[in-house]
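Me: I have a structure open and would like to go through it step by step. Could you help me read it?
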Amino acid sequence: MHNTRFLTQEFEYFVPHTLSEALDLLFTYQDKRTKILAGGTDLLVKMKTLGIGVDYLININEISEIKNVELDKGLKIGAAVKLSQLEKMKAVKEEYPALYEGITSMAAIAIRNMATLVGNICNASPAGDTIPPLVVYGAKLRIVSKKGERVIPLEDFISGVGETILKRDELVSQVIIPEPYKDLGSAFCKKGRVKADIAKINLAVGIERDGDICRDCRIVLGSVFSKTLRAYKSEEILRGKVIKDDLIISAAKRAAEEIKPIDDVRSTAEYRNELARVMVEDTLHIAWERAGGKRW
Amino acid sequence: MEKEQYDFIGQPLEIKNIGKVTGKELYSSDINIPGQLYAVILRSPHAHAEIKKVDYSEAVKVGAVCIGPQDVPEIIYNERIVSIPEKTYRDRTVLPKEKVRHKGEALVACAAETEEKAWAALQKIKIEWGKQWKPLLTLEKALSDDAPPIYDWVYLGEEKLKVKNNIACERNIEVGDVEEGFREADIVIEKTFHTQRVYHMQFETKSAVCVPEADGGITVWTTSQGIHNVRILLGNIFNLPLSKINIKRITLGGSFGSSIQMNSITPICVALALKAKKPVKLVSSREDDFYDHAKYPLKTILKVGVKKDGTFTAAHCRVWVEIGGHNIQAYPYLGCVAGWFASLYKWKNIKYEGTAVYTNKVPTCAMQGYGNPQINFAVESMIDILAEELKMDPINLRLKNYVGKGDEFWGQGPTVRSIIRSCGVEEMLLEGAKLAQWEKRVPHYQKKEVIRKGMGVARGFHTSGTGGPNPGEVIDYSGATIKINEDGSVDVLTALMDLGGGTWDALAKIVAEVLKVPFEKIGIYNGIDTRSTVFDVNTHATRGVYCGGGAVKFVAEKVKEILLNYAATLFKDLPENLVLSCNKELGQAIIYPREIPENYKTIGEIAEYAHTTSWGTLAYTSTLRQKNCPPCFITHFVEVEVNTRTGEVKIPRVVIMGDSGTIINPNLWEGQIIGAFSRGLGFGLLEETDYHPEDGSLRCKGLVTDYKIPTTLEMPKIEDIIVRSAHTYEPTGPFGAKGIGEAALSSVGPAIANAIYNAIGIRFYELPITPEKILKSLQEKEENLRKRRGE
């Protein structure tokens with residue numbers, strides 16, 4: 001049994017002030033158990049409860065290059081940007097409401113003051129609340145290492161529960177969210193046991209409207225599979241169609257068939273199947289209305 | 001009604017003891033002694049296994065002081081000594097000697113210069129296990145004939161008893177003839193109910209600091225609801241004279257009943273300190289705490305007979321409780337459940353059969369209500385079931401049958417009986433119905449909306465203390481030393497604990513009222529220990545104000561007598577001609593001869609004179625046993641909104657009526673009621689400590705990440721929580737007061753269940769009523785309807 005009163009392991013601790021310093025450290029210690037510390041709200045818990053062994057811990061909170069949010073045809077969010085910083089931004093609230101709703105649904109203010117967006121992504125929890133909205137907005141990740149950088153879609157980043165494609169000498173330095181389509185309506189929805197909780201299910205949807213037609217859409221669910229899941233077949237039902245209630249109902253039904261939830265300590269697979277349908281239906285309605293669409 | 005004009009009683013409290021707000025309050029875990037070692041505990045990875053050998057030699061080599069089963073005294077004890085010895089079951093030692101009986105049971109402890117070092121040493125301990133058994137996690141499994149025995153024998157008092165079928169104890173009670181009663185009935189209904197295990201989730205995890213003193217004695221700071229019992233137990237276990245043990249009274253960060261017994265870590269800390277010959281500090285982690293205590297669950301089969309006019313004729317109540325790996329207080333628990341059941345309604349004929357069963361789970365203990373919320377869920381659900389069958393308003397059925405003024409009440413099981421002298425049940429049901437707009441309630445079959453509203457009522461009560469005209473199986477007395485200081489301020493020395501509900505404030509007010517000394521001049525909050533106080537049994541059974549308050553009032557009145565007698569010599573008058581009153585401008589109590597207020601002296605002046613003339617201290621010490629334990633009543637009217645698409649339940653509004661007689665601190669009283677509603681919400685809708693069926697571990701792993709209690713956001717908005725008090729006066733209570741704490745929780749669960757029934761027409765027999773269960777039941781109901789329509 002663990003003891004969460006204290007950290008029992010010994011490790012070396014670095015606080016680099018530049019990104020290149022951090023990348024040097026990652027490169028040097030790539031063969032060791034090296035971890036990036038951003039908010040620590042997941043990492044420290046895992047170190048205490050799962051006994052994740054760490055030999056080298058690199059705190060990136062003093063690197064000024066990754067502490068900013070750039071507002072230029074979309075958002076570029078640095079790896080050390082705190083969730084509470086984002087939820088206070090007008091641009092986040094107005095342009096990316098699903099992201100705003102996802103962030104504010106998370107934990108308590110004290111946690112959001114510490115936790116980072118990139119941390120939530122790299123933690124790669126199937127229940128990560130910011131991941132479905134970011135996938136809806138087509139977010140990309142800037143991944144850097146001493147050898148160079150690459151930009152990949154967030155959708156391709158997470159490979160399983162707690163697993164990503166990040167190499168040992170790499171870190172995610174930035175989340176790049178493109179400018180949304182002018183008539184995009186998006187929304188986030190989450191159900192937990194209580195208000196501040198890990199999701200039984202979370203989901204985000206985005207609908208691009210062209211008149212009465214859904215030009216394109218994304219339906220992304222969390223906590224229903226080993227990683228965030230896109231309901232492609234459900235999206236297919238809506239894409240290019242005139243949006244009506246019955247269409248939304250069948251898309252929601254289809255989405256509930258696409259998910260593969262399990263029984264766990266938070267809920268049951270049976271309940272999640274039913275809940276997903278209701279949540280997708282309701283959230284599609286909200287998104288369509290936010291896109292300026294009429295309710296049929 | 002004997003209502004008087006009070007100076008302090010019933011006034012909203014100005015916060016005087018602000019340490020909790022400013023962070024300066026000290027708890028056990030804040031105590032640091034120079035040179036202290038820090039302790040950690042190795043807990044069993046198995047739920048039921050034989051201990052062959054514990055080898056901590058490697059841990060000692062890295063500098064740790066260790067204790068294992070071989071190092072602790074042989075004495076078999078029960079950690080709760082509130083009941084009389086001959087009714088106390090004993091089954092445990094400080095650390096288990098032969099086998100572990102639940103996963104997470106403390107097995108070995110290490111102390112070192114830091115917690116981290118102690119933890120590192122702990123990893124070096126080797127344990128050789130013998131036979132292992134598959135954990136027994138349910139009543140059925142534990143009771144089955146092929147179940148391995150968790151205990152071969154235990155003690156009841158001094159008697160050694162063989163344990164059969166893992167039955168820890170039983171209690172059967174019969175009053176009248178139930179079979180005859182059922183024959184008289186027009187309707188007989190039997191239902192089975194379940195309430196679950198929940199975790200106390202008190203803020204402060206159990207902690208202890210023990211200092212071995214030069215004289216061979218010990219000083220201990222520890223989380224406790226009753227410091228004198230800790231002293232007596234430690235003396236017994238470690239064979240120390242009680243004069244060499246001093247337990248400090250220190251603020252508790254909540255307990256909800258989990259520190260009525262001496263906590264399991266306390267003697268472990270003492271054993272380590274005695275071995276190390278150094279101070280030792282032991283602070284439980286949250287997961288230590290999760291594996292240490294939980295609320296008693298209950299399975300109830302309740303059968304009730306009723307006549308067409310709503311008169312009850314008989315009730316047969318069978319209960320089972322699986323208690324986990326130790327029997328802390330299952331015998332009195334079964335007695336109390338019988339009492340709560342018997343004292344809710346006039347059943348006329350009663351049969352009660354209670355069985356407590358050992359399992360390989362975390363030991364259970366009292367938690368806010370001690371069986372009351374559990375049995376209340378069964379009874380108050382049943383009342384609504386019967387009312388529907390009788391086509392009677394549920395309020396009327398309750399009014400027709402409740403146990404009230406002049407009736408006999410079992411305050412602490414069948415051995416503590418008394419007559420009810422104050423009762424607000426009728427007022428609370430009728431006034432509460434008005435406030436809740438009960439008349440607008442519509443039956444469930446008229447509701448078709450997606451979000452269906454419902455309203456439910458349930459009523460309950462709890463005892464105030466455990467005293468009766470004759471002492472029963474439970475020890476109950478309290479006491480104090482009260483002295484008037486040389487400046488006219490007052491010190492109150494009582495061992496009674498404040499669990500966070502403001503009991504010390506209430507006691508200070510009672511003393512202020514008797515001695516007419518301004519409330520802020522009463523010192524009660526710190527500097528207390530067992531050595532400086534007379535006995536108090538425990539702050540449990542909602543007894544703080546009624547018993548502890550009764551005792552300080554008794555002692556304060558003695559001090560008043562001494563004061564007036566002494567003042568009479570100064571005034572050259574008779575004590576009965578003197579008036580003691582509070583002069584708020586002076587901020588002092590004053591004494592003057594009747595009719596001549598201008599000739600007053602402050603009691604500061606009087607006390608100072610007693611001091612400078614070497615007359616002595618105006619002080620008195622005594623104990624008092626309350627000879628009653630009046631029920632404090634509660635009634636909950638709960639509104640719910642059930643989302644039929646998601647199964648979620650919201651509580652938009654609640655009306656709570658309380659009957660505590662005179663209310664000492666109205667704002668704290670209301671706080672108790674609202675706080676208990678939040679806990680009841682968790683009990684009713686959310687909380688349960690689930691176990692892994694294979695290895696007997698907690699599915700939440702002892703972490704709050706996966707054990708949720710309601711947040712403030714699950715509560716109704718503060719303006720939609722309507723709390724009102726009945727207009728009653730308890731003649732046996734201090735200034736007419738009774739308790740509130742545990743009563744406030746007793747009927748939350750069934751009120752919610754009854755409201756859900758009123759919303760969607762589905763009766764839930766098992767708590768918690770989660771969205772998962774609601775949605776499933778709604779789907780089944782829909783399916784059945786379709787089948788009936790032949791679709």
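Me: Let us begin with a hairpin. Which residue takes a positive phi in the hairpin of strand 27 and strand 28 of chain B?
Reply: Please keep in mind that this is a predicted model. In that hairpin, Gly587(B) has a positive phi near 65°. Four residues lie between the two strands.

Me: And in which sense do strand 27 and strand 28 of chain B pair?
Reply: The pairing is antiparallel and runs over six bridges. Strand 27 of chain B covers residues 578-583, and strand 28 of chain B covers residues 588-593.

Me: Which residue stands opposite Cys582(B)?
Reply: Ala589(B), in strand 28 of chain B, stands opposite Cys582(B).

Me: Now the whole of chain B. How many helices and strands are there?
Reply: Chain B has 19 helices and 33 strands. Along the principal axes, its C-alpha atoms fill a box of roughly 95 × 75 × 50 Å.

Me: What does the radius of gyration of chain B say?
Reply: A compact globule with 791 residues would have a radius of gyration near 28 Å, and the 27 Å of chain B agrees with this. Of the 791 residues, 57% count as buried. Among the contacts in chain B with a separation of 6 or more, 80% are between residues 24 or more positions apart.

Me: Where are the domains of chain B?
Reply: Domain 1 of chain B consists of 19-24 + 477-624, and domain 2 of chain B consists of 417-464 + 628-786. Their C-alpha centres lie 39 Å apart.

Me: How many residues does each of these domains give to the contact?
Reply: Domain 1 of chain B gives 16 residues, and domain 2 of chain B gives 18 residues. On the domain 1 side, helix 13 (503-515) and helix 14 (544-571) of chain B each supply at least two residues. Helix 14 of chain B has the largest share of that side, with six residues. By class, the domain 1 side has five nonpolar, six polar and five charged residues.

Me: Changing topic: what about helix 10 of chain B, is it mostly covered or mostly open?
Reply: Helix 10 of chain B is mostly covered, with 14 of its 19 residues buried. At 1.5 Å a residue, this helix (residues 372-390) should span 27 Å, and its end C-alpha atoms are 26 Å apart, which agrees. The residue that follows helix 10 of chain B is Lys391(B), and its phi is positive, near 55°.

Me: Could you pick one residue in that helix?
Reply: Phe377(B) is located in helix 10 of chain B.

Me: Why is Phe377(B) classed as buried?
Reply: The cut-off is 20 or more other C-beta atoms within 10 Å. Phe377(B) has 31 of them within that distance, so it counts as buried.

Me: Which residues does Phe377(B) touch?
Reply: Leaving aside residues up to four places away in sequence, Phe377(B) touches Phe193(B), Thr195(B), Gly749(B), Pro750(B), Ala753(B) and Leu767(B). Phe193(B) is 184 residues apart from Phe377(B) along the chain, yet their C-alpha atoms are separated by 7.8 Å.

Me: On to chain A. What does it contain?
Reply: Chain A contains 11 helices and 14 strands. Its radius of gyration is 19 Å, close to the 19 Å given by the globule rule for 296 residues, so chain A is as compact as a globular protein of that length. The C-alpha trace spans about 60 × 45 × 30 Å along its principal axes. Of the 296 residues of chain A, 48% count as buried.

Me: Where are the domains of chain A?
Reply: Chain A is divided into domain 1 (12-59), domain 2 (66-178) and domain 3 (184-290). The C-alpha centres of domain 1 and domain 3 of chain A lie 35 Å apart.

Me: And Lys147(A), is it buried or exposed?
Reply: Lys147(A) is exposed, with 11 other C-beta atoms within 10 Å. This residue sits in the loop between strand 6 (140-145) and strand 7 (148-153) of chain A.

Me: Last topic: how many residues does each chain give to the contact between chain B and chain A?
Reply: Chain B gives 28 residues and chain A gives 21 residues. Helix 3 of chain B gives the most to the chain B side, with four residues. By class, the chain B side has 11 nonpolar, four polar and 13 charged residues.

Key
Residues numbered from 1 in each chain as written. Chains lettered and ligands numbered in written order. Predicted model: local features only at pLDDT ≥ 70, side-chain atom pairs only at ≥ 80, totals over all residues. Rg over C-alpha atoms; globule rule 2.2 N^0.38 Å. Buried ≥ 20, exposed ≤ 12 C-beta atoms within 10 Å, placed from the backbone. Domains from an automatic or database assignment. Expected span 1.5 Å × (residues − 1). Contact = placed C-beta atoms within 7 Å. Nonpolar A, V, L, I, M, F, W, Y, C, P; charged D, E, K, R; others polar. Pairing = 2+ DSSP bridges.
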